[in-house]
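Here is a short note for anyone opening this entry for the first time. Please read it with the structure in view.

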Amino acid sequence: MTVHKDVADKDVAHGNVADEDVARTDAVHRDLVLKARVRLLSHNEWVLEAPEGLWVYRALFPAGPRVYAYKLAYVLWSAAGSPRVAHLPGARRALLEEARDACAHIPDGAPAHQARMREYVAAALAGLEQQEGRAGR
């Protein structure tokens, strides 16, 4: 039994949480966030690249959207341009749309390279739409 599961069980027993499933889900989420933070601490680069960066920043984004929005958007944008999904326009679109949603959380006063991520994602989505338009003809 993990420490988080023990805490969740105690919360339910003491009436601190209305639903046992919610307590267990929160405990699992805390474990995932902790694992992602440990992975970041052991990484020496500026940003974790896909595919590992995808799960790390997706796990951390809900815990700190303003902090991780840019890095999540960057990794998603980068993954959308990778050869792995070059032949899968639906997957590329899904990655870019998730990146666009993450960009909405980049603070207004963010450094210029972070603010430009919105433009990069918008340009990639426009290019994908243009490609799909040509393919449909």
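1. Helices here are DSSP runs of H or I with at least four residues, and strands are E runs of at least two, numbered from the N terminus. On that basis the sequence reads α-α-α-α-α-α-α. The model is predicted. The protein has 7 helices and 0 strands.

2. Next, burial and surface. The protein has 137 residues, and 31% of them are buried.

3. Now the aromatic rings. The structure holds 4 aromatic pairs. In one of them, Tyr74 and Trp77, the ring centres are 6.1 Å apart and the planes meet at 45°, so the pair is tilted. Stacked pairs would need planes under 30 degrees apart, and edge-to-face pairs over 60. Both residues belong to helix α4, which covers residues 65–80. They sit 3 residues apart, about one turn of the helix.

4. Is Trp77 buried, exposed or partly exposed? Its relative accessibility is 29%, so Trp77 counts as partly exposed. The cut-offs are under 20% for buried and over 50% for exposed.

5. One more ring deserves a look. Lys35 lies over the face of Trp55, at 5.7 Å from the ring centre.

Note on methods. Residues are numbered from 1 along each chain as its sequence is written. This is a predicted model: local features need pLDDT of at least 70, side-chain atom pairs count only at pLDDT 80 or more; totals for chains, interfaces and linings use all residues. Side-chain values use heavy atoms; hydrogens and water are left out. Buried means under 20% relative accessible area, exposed over 50%, partly exposed in between (1.4 Å probe, protein chains only). Rings of Phe, Tyr and Trp (its six-membered ring) pair if their centres lie within 6.5 Å; planes under 30 degrees apart count as stacked, over 60 as edge-to-face and the rest as tilted. A charge sits over a ring if NZ of Lys or CZ of Arg is within 6 Å of the ring centre and within 35 degrees of the ring normal.
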